Every structure is written in structure tokens, then in C-alpha cells.
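Please keep the sequence and the coordinates in view while reading.

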Amino acid sequence: MSSSSTTTDNDDTRTQDHDLQALTKEAENTSLKLESITDGANEHGVPKVKFVEDIDVFAKSFDPPASAELMIGAYSDLFGKFKTYEGSLVQKKKTFQVKIPEIEKSFKLVSFLKSKQEDDDDKPLTTRYNLADMVFAKADISKSGVVHLWLGANVMLEYKYDEAIELLSTKLEKAKKDLLEISDNLSFVRNQISTSEVNISRICNWDVRNKRKERLEADASKNS
């Protein structure tokens, strides 16, 4: 490697270190906070990203005026948090989409058993149940008025039909409400992600235009 190439590399490194130090110092002294780039929240408390109409006015609203790098960093950080939250919501939505049909199935089954208990016929109910994948077994269900429900974490409790129906009904209602809230938040978060991306893109373009303008003014000053 030639000495001139080594010198250039060293100069680039020093420039990058200087830029990083300047940005770090700016971040420590700026009045730009999370509240500066958000505009309230939705009904579930998820922050709403502020759309920047006039970037020049927005940058000068801080003390000292915020650089493009600082604003892009702030919105990028917010963007990353929203992407993480989006992934969490997607996983929760999938869980509820599996959970709700299972609760509905249990609710219908217990309701059916209760209706059969009310019949005058004392004969046990004959049915088939899933023993394993593609394997079913025959079973006789007595009309005892009692069922056993899995509550999670390897816990099973005994309930009377009416108690089981009430419990499953409550769980089903809550699960549907939670799924609706998750779906609303997921849609809202994706909109905030889009707004963050648009802001970052517009700030980048604003920075390019400003640097081009400064360069042209500097060249004109040299030539005058």
C-alpha cells in the first residue's frame, strides 16, 4: 500500500471520528426529544409519529437547530422501536387467532353436553375423540354435569356445566376484545412506520438540497 493511500485512509478515519464526536455532542445538547417527533397517542397509548411539513422550520425549532443527521437518527430510532412492536403484535395476533377457535369449540361442546343433560334420556352420550393424529377412539360420556377444563400451565380444574359455560363465555369475550385491540394497534403501528420512513426520506432529500446549495454558494464566492 502506498503512503498516499495510507494518508487518505487516516484522513477519512479522522474525519469520521470528528463527525461522530460532533453528532454525539449535538445529541447531548439538543432540545430534540421523543415528544418532539411524536404527536400524542392513540386510544391504546401507542405514540403517533409527527409528520414534518416544513423540515427547515422543524429543524430551527430546536435549540440549537437540529442537523439532518440528528433528526434522521431520532426518527430511525423511533422506526426501529415501531418495527419491534409490530413483530410483537403480529405474534400476539397469531396466538389469538388460534386461541379463539379453541375456546369457541370448548364452549359449543359444553353447551351441547348441558343440552343433552336436560333430556329425559339417561343413556350415556357416545362419541369419538381425537386420540392422536388421524387416530380416533370411541367413548361413552356420562351425563354427570361436570367437565374438566385446561387453564394452561398444566392446570386442569373441574367445573359444573353452568360454571364452565360462564367461564368460557367470559374468556371468549375477552379474547375477541383483545384481538380487536391488537388488530387496531397493528394497523396503527404500520401507519406510524410508513410516516417515519417518509420523514426520514424527506429529511435526507432536504439535507442533500442544502448541501448542494451551500456548495454552489461556496463556488460562486470563490469565482467572484
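The largest pocket has a volume of about 1,000 Å³. On a 1 Å grid over the protein atoms alone, a pocket is an open set of points with protein on both sides within 12 Å along at least five of seven lines, whereas a cavity is a set where a 1.4 Å probe fits but cannot get out. Grid points are joined across faces, edges and corners, and a volume is the space filled by probe spheres set on the points. The model is a predicted one, in which local features need pLDDT of at least 70 and side-chain atom pairs count only at pLDDT 80 or more, while totals for chains, interfaces and linings use all residues. Residues are numbered from 1 along each chain as its sequence is written, and side-chain values use heavy atoms, with hydrogens and water left out.

Which residues lie nearest the centre of the largest pocket? They are Ser-106, Leu-109, His-148, Leu-149 and Trp-150, out of a lining of 28 residues; a lining residue has an atom within 4 Å of a point. Two or more lining residues come from each of α3 (68-117), β3 (125-132), β4 (135-141), β5 (146-152) and α4 (161-223). Here helices (H or I, at least four residues) and strands (E, at least two) are DSSP runs, numbered from the N terminus. The greatest contribution is that of α3, with nine residues. By class, the pocket lining comprises 17 nonpolar, six polar and five charged residues. In this division Ala, Val, Leu, Ile, Met, Phe, Trp, Tyr, Cys and Pro count as nonpolar, Asp, Glu, Lys and Arg as charged, and the others, Gly among them, as polar.

The structure also holds one cavity of 30 Å³ or more, and the space in the largest cavity is about 30 Å³. Its lining consists of Leu-113, Lys-116, Leu-125, Ile-141, Ser-142, Lys-143 and Tyr-161, that is, four nonpolar, one polar and two charged residues.

The strand β5, one of the elements that line the pocket, pairs with β6 (residues 155-160) in the antiparallel sense over six bridges; two strands pair if DSSP finds at least two bridges between them. His-148 has Glu-158 in β6 as its bridge partner, and Gly-152 stands opposite Val-155 in β6. Two residues separate the strands of this hairpin, and Ala-153 takes a positive phi near 55 degrees there.

A second hairpin is formed by β1 and β2, with five residues between them; Gly-45 in its turn has a positive phi of about 85 degrees. Two bridges join β1 (residues 38-41) to β2 (residues 47-49), and the strands run antiparallel. Thr-38 stands opposite Val-49 in β2.

How do the helices α3 and α4 pack, and at what angle? Their axes are 6 Å apart and the angle is about 160 degrees, where axes are lines fitted to C-alpha atoms over the stretch in contact, and angles run from 0 to 180 degrees between N-to-C directions. The two helices are therefore roughly antiparallel, a term for angles over 145 degrees. The residues of this contact divide into 30 nonpolar, eleven polar and 15 charged.

Two backbone details remain. The peptide bond from Asp-63 to Pro-64 is cis, with omega near -5 degrees, and Pro-64 is placed in the loop between α2 (55-60) and α3. Met-134, in the loop between β3 and β4, has a positive phi of about 65 degrees although it is not a glycine.

How values were computed: Angles under 35 degrees count as roughly parallel, over 145 as roughly antiparallel, 65 to 115 as roughly perpendicular and the rest as oblique.
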